[in-house]
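The sequence and structure are shown first.

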Amino acid sequence: MAGKVTFFDTNVSFPSNLNNLGFQSASPNTSRFVPQSKSQHEQDGSAQAQDQISRCHEKLRSLRPTDSATLKTELNLLFDQLISENYSSSNHDNIHPEVVCEMLIQASRLVPLSQEHLFIKLCQLIHQLLNQLQVIVDEHTLDVLVSYCSRALRTCSSWTHPDVLLALSSLVYGNGSKCQRHLPDLLGLSGFLVSYGDPVQPDVELRRAAVHCIANLCLSVPGQPFLEEPYKGVCYGILLRTLQSPKPADVEDIVFCSLLQSALKGMQYFLNCGKWKAIPNQDLGTLLAVLKRFMFYGLPGMSAEMPQVLYPAPLPQYETVSVVKPEPSQDSTVQKKNTGNKKRKSRGKGKKAGAEGKRDAEEGEGDEVKSVDQSGWSLGSQSSSVTPQLYPSWKKGSSDSEFSDPEGGMQSKLRLYQARVRQSALQCFLAVVKCVEKRILYGYWSSFVPDAPGIGGPPPLTLLTIALKDPSPKVRAGSLQVLSALLEGSRQFLSTAEDTSAPRQAFTPFSATLAASVRELHRGLLLALVAESSCQTLTQVLKCLAHLVSNVPYNRLRPGLLSPLWKQIRPYIRHRDVNVRVSCLTLFGALVSTQAPLPEIQLLLQQPGSTSALNSPGVRTPQELSHNWRRPGTSSPRGVEGAPEGPCWLLQLCVSLVTQPREEPYSDSDAAGSGGASLEPSPVRLEALQVLAHLVKGYFSLAQTSLLELGQLSARCLAEQEPSVQLHGAKLLEELGTGIIQQYRADANTPQSAKLVPVCQVVQFWSDVLSGPLISALQNEQHPTLQTSACDTISSILPQAFSQLPDKTQVLCITLLLGLTYSENSLVKSAAVRALGVYILFPCLREDVMFVADTANAILTALDDRSPNVRAKAAWSLGNLTDTLIVNMQSVGLEFQEEFSDMLLLNMLRSATKASGDKDRVKSNAVRALGNLLHFLQPVHLGKPVFEQPLQEAMSALIETVRGDATMKVRWNACYALGNTFRNRSLPLGSAVWSKEAYSALSYVVTSCKNFKVRIKSAAALSVPSTRDRYGDVHQFAEVWQALARALEHSEDTEDFLEYRYCASLRSQLCRALLHLLSVCQPEDLPALRSSLSDQSRPVLQDFLVRYLGDKDVALIDGPAGEEAVDHTAPEDGLMVLNETLTRLKGALEETVSDRSEDLKTVVSFLEDVLRNFEETKESDGNDSSLQLSKSP
């Protein structure tokens, strides 16, 4: 609103006796003037705008379309009143979009297209109301007003078309899919937007408005469909041609920048419409080349000349960089604007020259950086004359704003617009990264990521160059966002990088090129970290480094990449900005979690802490601190490197960030996230707790010295009111418990020198924890997520320590878990069921029949839950419980079996059978449990009729799972379960109806399954029966033998190359199974054996058996890692089995009748040949070894 301002005249005199004039003197009781707050001012402005729109709406509804001058005057006044209001200055949520739409429709009915000036005012009103009120019109309003604008484009004068297109762009914003009826007129072959947006259009304002309209058509609101073909492709073509076309000579640079910005924004909207599809008119290389060109558009100090198309290649493509010479059009514009002000012009020129001088000095940055790199990245040890050259020119100024040009004229405005173009190009590139598959995008890696510093020449045109050279902090942040998106999920791509071997002279492999690129990323981002002054951009640098660290294969690279980074980021933990501190801690979390434990990180964690660097709040960059904490005399309060090793400094730092009060306030951004009056803000504390969890998980040997202290910290976090802090405290406790358990595991990969945490200390740790707020967290029904985390925490107790806890503590844990299995929240229920599945394996609990029974009942109830996650956890726990039954059967004996309820066992068998038909997540453990239960059944159970039907159903479920098309994990467990079932001597294996089906299923899998692990386990199951009668009749035995022989003959036939690594294990298991069948065969089985040993397969089988007898180091594969069952049966001595079988058969040959002698001779001859070839091979290998020893010096 416009208003008149009146200033007081200094010559005016006021009477001395003000009270006589009606003025009152201020007294203590007089209310003082209080200015309105911002929210009150916005409420008043919103109410005024709402009243005005309501009045104008009612007025418009009362008008009727006529040709009178009065109507025209009233409409002009109404439009002026509406346009004069600034709707963007306050919140207008109380202005309903329906009112705005009705008002605009009524206005379009009152304004004929013949009154062009009034019509233009209406177009301006449409644009202003929809933009400032952020209204997306409904479908009816869209149809009416788009038709209105389309008629205007046909009938009105050309000078009105830019305003019409501007109104049209506001109408179609987010409504592209709803404009199907109007798209032929807009985007058809002769559509308005096609003709006006074409690069040959001479009117650049009209062209810019058309491109802006096309951009808004491409925008899709979440939940709405995208623009459909062929119009989607038309938009892409216009936008791409706009970006590829050069600037016309008669167009001002700022106007052209606005056109480019609209086109880039439209391309960004287009890319957000879904996954990129490679079609003939949409080439990714062409788009990337355009975007790369505008990423450097107007960047001071360089001009990009690059190909029109980028091709996927491992090597960088041709591109040159030259120093920018001011364009005549820019200089002429500036000179015209600055004529008559020579003094100001000379000042601006001087500053520009100074900036160019600084940029020229910066060109020598590559040489200094190279020397820094060769000297071990010791940036802090540079002399004062060298260090400033590491900073770009934007760093040397005193302001963090976009630009601080004293001219305040066209040149400064032009640079601002050029920076916006670069920012839009980077945002568009970010959209490309999100919509294009990474495996395709990584083909263009070398075009955007350097693999060597630009020494002795111009810097390469990459994202790192923008992060280091661009004067705009927003553009620098944009380049870092793109680089972060590229690095996210790049672990598989970067895993090929390697530079540990000696460099090759003839050629450079791709692995070495990629490793050089990784090193250059570390170098460039470290320079950006040192030089950056903008807090927002500095946060992006740290986030980008975190993505890099999380995906780089440091075990394949030469060490030394992480040490300089580690040292440079330490001061930022006490940075004045809370977001920087959080990002710094995120980076530390990435460092201690990537490929842990890394030797380089372990050494850095063991170094003494730096009190001078870490206790100095308000630090912006490490330059103020580097000279203190890098000097040997001040690096530690204990001085020299040989000082006694103390607690890990990072651990102590994170503990202090969580518990200690702030020494002094930091930036204003802390206020919003502060979790307490004096503690660090909540984001900092939460991130510090996450770093502690990563540290404990990856480097437990360094954290175990502070075990009790970390337990107290977790208890303190659990006692707080903020749920997120409580969750992180529980997570830290879980990691501590898991670390202790892994230390005590016999197969843990811990160094021999690592000292285990004493059990007494573990008992004390858990006693303190369980007597604190963890129990309250388990009972806190208001926060089910916290209950879930608490269940996971108490499931990580060391079994040896649990047995030494007080009885009341053990009973409390068990009671709480049993109660939580009936929780209404599925997450809590699944966590409690899983915890019981862990407890059931504890030696002190598994022999307790009452606990086993209570746990079984809770698990069976959870198996019927409607949540798949609960059922999956329950099936896993049931598998563990049945493992316990088998262990107790072997260790305790009949006493436990007699005490265990038959009815409960029957219910477990039925529930496991039912669960075997569930989803694969449930089925994999359900079949494991079935195998254990069938192994556990005793004659007393099998003699009861109630078990007969469930036994049949359980066997049928296992057989169907083996034959089915489930995942490898499920079928592997099903084969193991059948083998486990065959071990039960009480089952009528061989005579039961289901025996033939079970053997047929295993025979089918061992010959036809594509997965070799499943074949191995099926062959192992076929070799379980210990006596001949358990293999059934002669035909059944022959089927098993022929299946194993055929599987061995074709054991190297596979379509999947990854399966070849299991070929040796498969052959070993098949040979073992064949020898086992030979050891139990009877005379009636010999004809079937003779038929397979007398054809062309005999030499193949003989060769494989000889190799099996000689390969003593072939390990049998138990199965995939995870929750599958594990077979601990040791392989038999094949040579011993062969000799015993041969001796038995030779003895039978002397007693056999004539009709069986030929069959028996064939088998004996085959085994003798195998044994003879093995002895010859062994003797030959021994001679070769002796010869090698005699030749050695």
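## Salt bridges and their surroundings

Asp-1085 counts as buried, since its relative accessibility is 1%, and a value under 20% is what buried means here. The model discussed in this report is a predicted one.

The partner of Asp-1085 is Arg-1028, with which it forms a salt bridge whose closest N and O atoms are 2.6 Å apart. Asp-1085 lies in the loop between α54 (1063-1080) and α55 (1086-1093), while Arg-1028 lies in the loop between α52 (1012-1022) and α53 (1034-1049), so this pair ties together parts of the chain that are 57 residues apart in sequence. Arg-1028 is buried as well, with a relative accessible area of 10%.

Because Arg-1098 belongs to helix α56 (residues 1098-1110) and Asp-1169 to helix α58 (residues 1154-1191), the contact ties together parts that are 71 residues apart in sequence. Both Arg-1098 and Asp-1169 are buried.

What separates the closest N and O atoms of Asp-143 and Arg-181? In this salt bridge the distance is 2.5 Å. Asp-143 lies in helix α5 (residues 139-155), whereas Arg-181 is found in the loop between α6 (161-171) and α7 (183-187), so the pair ties together parts that are 38 residues apart in sequence. Asp-143 counts as partly exposed at 29% relative accessibility, and Arg-181 is exposed, with a relative accessible area of 56%.

| Salt bridge | Closest N and O atoms |
|---|---|
| Asp-143 and Arg-181 | 2.5 Å |
| Asp-1085 and Arg-1028 | 2.6 Å |

Side chains of opposite charge can pair when their charged atoms come close.

Gln-712 is placed in helix α34 (residues 707-718), and at 56% relative accessibility it counts as exposed. The C-alpha atom of Gln-712 is separated by 8.9 Å from that of Phe-765, a residue 53 residues apart from Gln-712 along the chain.

Conventions:
Residues numbered from 1 in each chain as written. Predicted model: local features only at pLDDT ≥ 70, side-chain atom pairs only at ≥ 80, totals over all residues. Heavy atoms only, no water. Helix = DSSP H or I, 4+ residues; strand = E, 2+ residues; numbered from the N terminus. Buried < 20%, exposed > 50% of the residue type's maximum accessible area, 1.4 Å probe, protein only. Salt bridge = Lys/Arg side-chain N within 4 Å of Asp/Glu carboxyl O.
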